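Below is a short report on a helix pair, a loop residue and a pocket.

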Amino acid sequence: MKTTIDIPDSELEDAIRFTNARTKREAVVSAIADFNRRMRMAKLVDYAGTWENLMTPEELQAQRRRR
């Protein structure tokens, strides 16, 4: 999707540097992908501890050893 946006030069330069991008587009796409990944992870954290029948790490290890 083509979009025209005004990004402050200093912010874009930082994004290019932090993402090791070769182009402005690559930096913006990488930054958006990283943001989306972090938001998905944050949503998963909201669910931590909400399942009653979820295996504990110890139970999972024991099951793996039985195989």
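The report takes the helix contact, the loop and the pocket in turn.

This is a predicted model, in which local features need pLDDT of at least 70, side-chain atom pairs count only at pLDDT 80 or more, and totals for chains, interfaces and linings use all residues. Residues are numbered from 1 along each chain as its sequence is written, and side-chain values use heavy atoms, with hydrogens and water left out.

Helices H1 (residues 9-19) and H2 (residues 24-46) pack at an angle of about 80 degrees, and their axes are 9 Å apart. H1 is therefore roughly perpendicular to H2 (65 to 115 degrees). Helices are DSSP runs of H or I with at least four residues. The contact (heavy atoms within 4.5 Å) joins Leu12, Ala15, Ile16 and Thr19 of H1 to Lys24, Ala27, Val28, Ser30 and Ala31 of H2.

Asn20 lies in the loop between H1 and H2. Asn20 has a positive phi of about 55 degrees, although it is not a glycine. Most residues other than glycine have a negative phi. With 64% relative accessibility, Asn20 counts as exposed (over 50%, with a 1.4 Å probe and protein chains only).

The largest pocket holds about 380 Å³ of space. Among its lining residues are Met1, Ile5, Leu12, Lys24, Arg25 and Val28. Lining residues have an atom within 4 Å of a pocket point. H2 gives the most to this lining, with 5 residues.

The table gives residue classes for both sites.

Terms used. Axes are lines fitted to C-alpha atoms, for helices over the stretch in contact, and angles run from 0 to 180 degrees between N-to-C directions. Helices (H or I, at least four residues) and strands (E, at least two) are DSSP runs, numbered from the N terminus. Angles under 35 degrees count as roughly parallel, over 145 as roughly antiparallel, 65 to 115 as roughly perpendicular and the rest as oblique. Buried means under 20% relative accessible area, exposed over 50%, partly exposed in between (1.4 Å probe, protein chains only). On a 1 Å grid over the protein atoms alone, a cavity is a set of points where a 1.4 Å probe fits but cannot get out, and a pocket is an open set with protein on both sides within 12 Å along at least five of seven lines; lining residues have an atom within 4 Å of a point. Grid points are joined across faces, edges and corners, and a volume is the space filled by probe spheres set on the points.
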